[in-house]
Structure formats: structure tokens, C-alpha cells
Amino acid sequence: MKKIIIINGPNLNLLGKREPAIYGSLTFTEFFETVKSKYSSVELSYYQSNIEGELIDKLHEVGFDYDGIILNAAAYTHTSIGIGDAIKGIETPVVEVHISNTFGREEFRHQSYISPHAKGVILGFGLQSYELAIQSFL
């Protein structure tokens with residue numbers, strides 16, 4: 001059974017409440033329960049933190065034992081050299097995901113410190129971006 005973890009960064013704990021026109025009205029917990037049942041042949045886990053160092057610690061923790069990491073680093077995507085370096089330093093492949101099309105938003109969201117070290121990037125498909133990332137590991 002493949003082990004895949006979804007790691008979400010800052011403010012994604014507010015999904016379902018935060019800017020529903022961009023992010024939808026479903027909480028991530030509701031979405032995650034649906035995905036877990038849909039992909040029951042995969043050992044899926046989930047982690048979220050608003051703190052950059054905790055995200056780096058989690059990448060270090062799972063980055064040598066899991067089959068895949070799905071990372072939505074949210075705003076840290078555009079600012080964190082540390083998260084990019086953490087991905088570069090681990091063995092587990094990482095797929096960068098974003099719920100919105102970051103290239104259709106503010107200019108600063110066009111830069112990613114994660115993309116150069118990721119297996120791939122999926123963005124703009126709402127929460128389905130996570131499902132597409134899961135499928136990329138199967």
C-alpha cells in the first residue's frame with residue numbers, strides 16, 4: 001500500500017470559510033474524508049501548519065519513508081527558500097499543488113521556490129488539484 005501525505009501550509013485551515021469565491025465552501029477535513037474513502041487502497045495522511053519551520057520539520061520526517069508528498073505551501077511557496085531546500089534534501093517525490101491558478105492572481109504569486117525541486121506542479125483545479133496529485137503517484 002502506497003503511503004502519501006498531503007501537507008498544507010498557512011491559512012489553508014480556513015478552507016470553507018476563507019474567500020469561498022476562490023477556495024470554495026468545503027472544509028479540507030470534509031474533502032479529505034471523501035478522498036480517503038475514494039482512494040482506500042492508498043494510506044493517505046494529512047498535516048497542516050501555519051508555521052514555516054513545522055512544515056520543514058514534517059518534510060524531513062516523512063521525506064525518506066513515504067511514497068509521495070503533496071504539498072500546498074500556500075503563501076510560503078512564494079517566499080520560502082527553506083521549504084525549497086527541504087524538498088531538495090529529501091528523497092520522497094513532491095507534487096506542488098495550488099487550489100487557485102496562481103498565475104491568474106497577483107504578480108508575486110507567479111514565483112515558486114518549490115517548483116524547481118518538485119516532481120510536478122498542479123494548479124487551478126480547485127480541490128481536485130489534490131486528487132490529480134494523488135493519481136500522479138498511482
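Reader: So which residue does Lys58 form a salt bridge with?
Author: Glu61, and the closest N and O atoms are 3.2 Å apart. A salt bridge here is a side-chain nitrogen of Lys or Arg within 4 Å of a carboxyl oxygen of Asp or Glu. Mind that this is a predicted model, where local features need pLDDT of at least 70, side-chain atom pairs count only at pLDDT 80 or more, and totals for chains, interfaces and linings use all residues. Residues are numbered from 1 along each chain as its sequence is written, and side-chain values use heavy atoms, with hydrogens and water left out.

Reader: Where do those two sit?
Author: In helix α3, three residues apart, so about one helical turn separates Lys58 and Glu61. Helices are DSSP runs of H or I, at least four residues, numbered from the N terminus.

Reader: Buried or exposed, Lys58?
Author: Buried, because its relative accessibility is 15%; the cut-offs are under 20% relative accessible area for buried, over 50% for exposed and partly exposed in between, with a 1.4 Å probe and protein chains only. Glu61 is exposed at 51%.

Reader: How many salt bridges does the whole structure have?
Author: Two. Lys38 also pairs with Glu131, with the closest N and O atoms 2.8 Å apart. That pair links distant parts of the chain, 93 residues apart: Lys38 is in helix α2 (residues 28-38) and Glu131 in helix α5 (residues 128-137).

Reader: And how accessible is each end?
Author: Lys38 is exposed at 54%, whereas Glu131 is buried at 14%.

Technical notes: Helix = DSSP H or I, 4+ residues; strand = E, 2+ residues; numbered from the N terminus.
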